[in-house]
Amino acid sequence: MANDGPVEHGYPHLETVRAAVTALYRRLSHDTVRTFASSVLPVDVAFCDTDDLYLGAQRVAHELVRHYRLPDARLVVSFREMRHAANVELTAGPEYFVELNDRFRTHRRDIGAALAHEVTHVYLHRLDLSFPGVRDNEILTDTVTTYLGAGWLLLDAYREDGASSQKLGYLTPEEFGYVLAKRALAFGEDPAVWFTSAQAYTAYVKGMELARRDERQPPLTAAGWAGRRRYARDRRHAAAGPQPGVPYAFSPDGGGRLRVSFPCPTCHQRIRVPVRGRVRARCALCRSVLECDT
């Protein structure tokens, strides 16, 4: 948690974020991911200053447990002084103890954001889905929280001005915006109307620009003129080996014919298709149908 400290920006964890989206689809399947088409709504996690602190926190925790369809999980929420925003004790369940930073006693509107991350830890624990290393595992948790409809709360908790700052989670604001944009494009849901933080909206817009760029990479037909020209040049010289700085790679198949592989713009699993002009490819993982010009 960045509390009046410097906030990191940009996309330093982008590859891990993309790997997390792929891992989520592999573990859950396309059909299960689609059951999260509706995000957590602001009214479900609203917390005003007149609410009882502990009863309100338990109510919000219950709503997040319901969102993740964990009816047999019970969260017991407490508050204490700590460095991080929150912590959950991952056990066999069904009872899980969550500690929130004392800061949230007076910043109650962000309790939903802190709990969203911790409930996702419980969800991933039950799925037995994790990445090696604390850093990568926390990035996985932030990514899954956002992609499954609760992470807009984490981005909305980001506020920064000349005198103070607050950011929850391990992703940068722009990375949160990127994952949120990927979700918006996949589910047709626009979270922009839920933001109360102007900085969060700006980060979402920047993330959407990058997410749209994923959909305009060759050999996709939506690629721009410059990308198509670079792709054509690389295709002519494919025998020279992989080209740096591009997402696609050429290789021969068993019959000596050329094929190209590239990441799916939705789930980032690599797709391999023949080099033969116009091709319609279907991602086996997320079922996206992609128009390509190979």
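Is Ala238 buried or exposed, and at what relative accessibility? Ala238 counts as buried, at 13% relative accessibility. Buried here means under 20% relative accessible area, exposed means over 50%, and partly exposed lies in between (1.4 Å probe, protein chains only).

## Model and conventions

This is a predicted model: local features need pLDDT of at least 70, side-chain atom pairs count only at pLDDT 80 or more, and totals for chains, interfaces and linings use all residues. Residues are numbered from 1 along each chain as its sequence is written, and side-chain values use heavy atoms, with hydrogens and water left out.

## Overall fold

The chain holds nine helices and 11 strands. These are DSSP runs, numbered from the N terminus: helices are H or I with at least four residues, strands are E with at least two. The C-alpha trace spans about 70 × 45 × 30 Å along its principal axes. A compact globule of 294 residues would have a radius of gyration near 19 Å; the chain has 21 Å, which agrees. That radius is taken over C-alpha atoms, and the globule rule is 2.2 Å times the number of residues to the power 0.38.

Of the 294 residues, 52% are buried. The chain exposes about 13,900 Å², and carbon and sulfur atoms supply 51% of that area. Accessible areas come from the Shrake-Rupley method with a 1.4 Å probe; for residues, only the protein chains shown count as cover. Among contacts with a separation of 6 or more, 59% join residues 24 or more positions apart. Contact means heavy atoms within 4.5 Å.

## Aromatic pairs

Rings of Phe, Tyr and Trp (its six-membered ring) pair if their centres lie within 6.5 Å; planes under 30 degrees apart count as stacked, over 60 as edge-to-face and the rest as tilted. By this rule the count is 11 aromatic pairs. One of them joins Phe36 and Tyr68: the pair is tilted, with 6.1 Å centre to centre and 50 degrees between the planes. Phe36 lies in the loop between helix H2 (30-34) and helix H3 (53-67), and Tyr68 in the loop between H3 and strand S2 (74-80), so the pair ties together parts that are 32 residues apart in sequence. Phe36 is buried at 2% relative accessibility. Tyr68 is buried too, with a relative accessible area of 1%.

The ring centres of Tyr147 and Phe187 are 6.1 Å apart and their planes stand at 65 degrees, so this pair is edge-to-face. The pair links distant parts of the chain: Tyr147 is in helix H5 (residues 134-147) and Phe187 in helix H7 (residues 173-187), 40 residues apart. Both Tyr147 and Phe187 are buried. Together with Tyr25, they form one aromatic cluster.

## Charges over rings

Arg69 lies over the face of Phe36, 4.5 Å from the ring centre. The charged end of Arg183 sits over the ring of Phe187, 4.5 Å from its centre. A charge sits over a ring if NZ of Lys or CZ of Arg is within 6 Å of the ring centre and within 35 degrees of the ring normal.

S2 has two faces. The covered face holds Leu75, Val77 and Phe79; the uncovered face holds Arg74, Val76, Ser78 and Arg80. Two strands pair if DSSP finds at least two bridges between them. S2 runs parallel to strand S4 (residues 95-101), joined by seven bridges. In S4, Leu100 is the bridge partner of Phe79, and Asn101 is that of Arg80.

On strand S3 (residues 86-89), the pairing with S4 is antiparallel, over four bridges. Ala86 stands opposite Leu100 in S4. S3 and S4 form a hairpin with five residues between them. In the turn, Gly93 has a positive phi of about 80 degrees.

## Loops around S7

Ala238 lies in the loop between helix H9 (225-236) and S7. Leaving aside neighbours within four places in sequence, Ala238 is in contact with Phe250 and Leu258.

Asp253 is found in the loop between strand S7 (249-252) and strand S8 (258-263). Asp253 counts as buried, at 18% relative accessibility. Not counting residues up to four places away in sequence, Asp253 touches Arg259 and Arg272.
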